[in-house]
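Visitor: I'd like to learn how to read a protein model. Could you walk me through one?

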Amino acid sequence: MTYRQKNDGGGLGRRRFLTAAALSGATIVGASALGGFDADAAFAAEPSLDPAIPKSAFVEGRITGITGSVLEVAGSYGDHSRVQMTNVTSVWKVRPTTAADIEIGDGLYARGVPMPDGTVAADAVWVNIVNLDTTIRGIAKNRVHLSHGQHEIVGHVHQDTTNASYAGRALTSDLSRLRIGQSAQVLGAWRPSDNSVDVVRISVGH
């Protein structure tokens, strides 16, 4: 098998992978019968499958080539996978989008169904998604400065997509209660060009 199949009964392995920022040079990586499509679904426990679907497959890695609707993916562990995009594949890249926004060099995390030829027919693809435990080091109008381990990260804030959660409460677009020194969990999309992150959600006091 060229794809990396996850059947651990939960999202722990995926969460570990997605939390390990590509910033250190490693590869980052609606509802259907296979589960949800939103960003949180990438970190959820593996859903119960539709009985008509024998098994699901998960692919992670860096996109090295795009041929038509097939993505060539180099995995973090030296494996190689081919992901078949279809007209019903859901794509997330900061926000729900289309396959036209996927680029060579992007990281990928995909969920789908294994096909006889070894490809994975994707029902959902999350592009450059990261989930990082950070500390807020600075706050500016359109960005936050974060530290993640030994790495300093610029988080880009966007009026239409960035929200905050304070102490587990409902999401809000009001970021005024963020404070330097707070621990923050950041869900977002890594930018391969400069190792910064587009912040989708920043949670503090959780």
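**Reading salt bridges, burial and cores**

Guide: Let's begin with charges: Lys-93, Glu-103 and Asp-106 are linked in a network of salt bridges. A salt bridge here is a side-chain nitrogen of Lys or Arg within 4 Å of a carboxyl oxygen of Asp or Glu. Bear in mind that this is a predicted model, where local features need pLDDT of at least 70, side-chain atom pairs count only at pLDDT 80 or more, and totals for chains, interfaces and linings use all residues. Residues are numbered from 1 along each chain as its sequence is written, and side-chain values use heavy atoms, with hydrogens and water left out.

Visitor: How many salt bridges does a search of the whole structure find?

Guide: Side chains of opposite charge can pair when their charged atoms come close. Here the search of the whole structure turns up six salt bridges. In one of them, Lys-93 meets Glu-103 at 3.7 Å, N to O. That pair links distant parts of the chain, with Lys-93 in strand β6 (residues 90-93) and Glu-103 in the loop between β7 (95-97) and β8 (107-114), ten residues apart. Those labels come from DSSP runs, numbered from the N terminus: helices are H or I with at least four residues, strands are E with at least two.

Visitor: And how far apart are the closest N and O atoms of Lys-93 and Asp-106?

Guide: They are 2.9 Å apart. This pair also links distant parts of the chain: Asp-106 is in the loop between β7 and β8, 13 residues from Lys-93 in strand β6.

Visitor: Is Lys-93 buried or exposed?

Guide: Use the cut-offs: buried means under 20% relative accessible area, exposed over 50%, partly exposed in between (1.4 Å probe, protein chains only). Lys-93 has 19% relative accessibility, so it counts as buried. Asp-106 is buried as well, while Glu-103 is partly exposed at 48%.

Visitor: Where do Arg-111 and Asp-123 lie?

Guide: Arg-111 is in strand β8 and Asp-123 in strand β9 (residues 120-127), so their pair ties together parts twelve residues apart in sequence. Their side chains meet in a salt bridge at 3.0 Å, N to O, and both residues are buried.

Visitor: What about contacts? Which residues does Arg-191 touch?

Guide: Contact means heavy atoms within 4.5 Å. Not counting residues up to four places away in sequence, Arg-191 touches His-156, His-158, Ser-196 and Asp-198. Arg-191 sits in strand β14, and His-156 in strand β12 (residues 151-156). These two are 35 residues apart in sequence and 10.0 Å apart in space, C-alpha to C-alpha. His-156 is buried at 17%, whereas Arg-191 is partly exposed at 27%.

Visitor: How many residues does the largest nonpolar core have?

Guide: A nonpolar core is a set of buried Ala, Val, Leu, Ile, Met, Phe, Trp, Tyr and Cys residues joined through side-chain atoms within 4.5 Å. The largest one has 17 residues, and Ile-136, Leu-178 and Ile-202 make the most contacts inside it. Elements giving two or more residues to this core include β10 (129-139) and β15 (196-204). Its largest share, four residues, comes from β15. Apart from this core lies another, of 15 residues, including Val-83 and Met-85.

Visitor: What share of the whole chain counts as buried?

Guide: Of its 206 residues, 48% do. As for elements, the chain has one helix and 15 strands.
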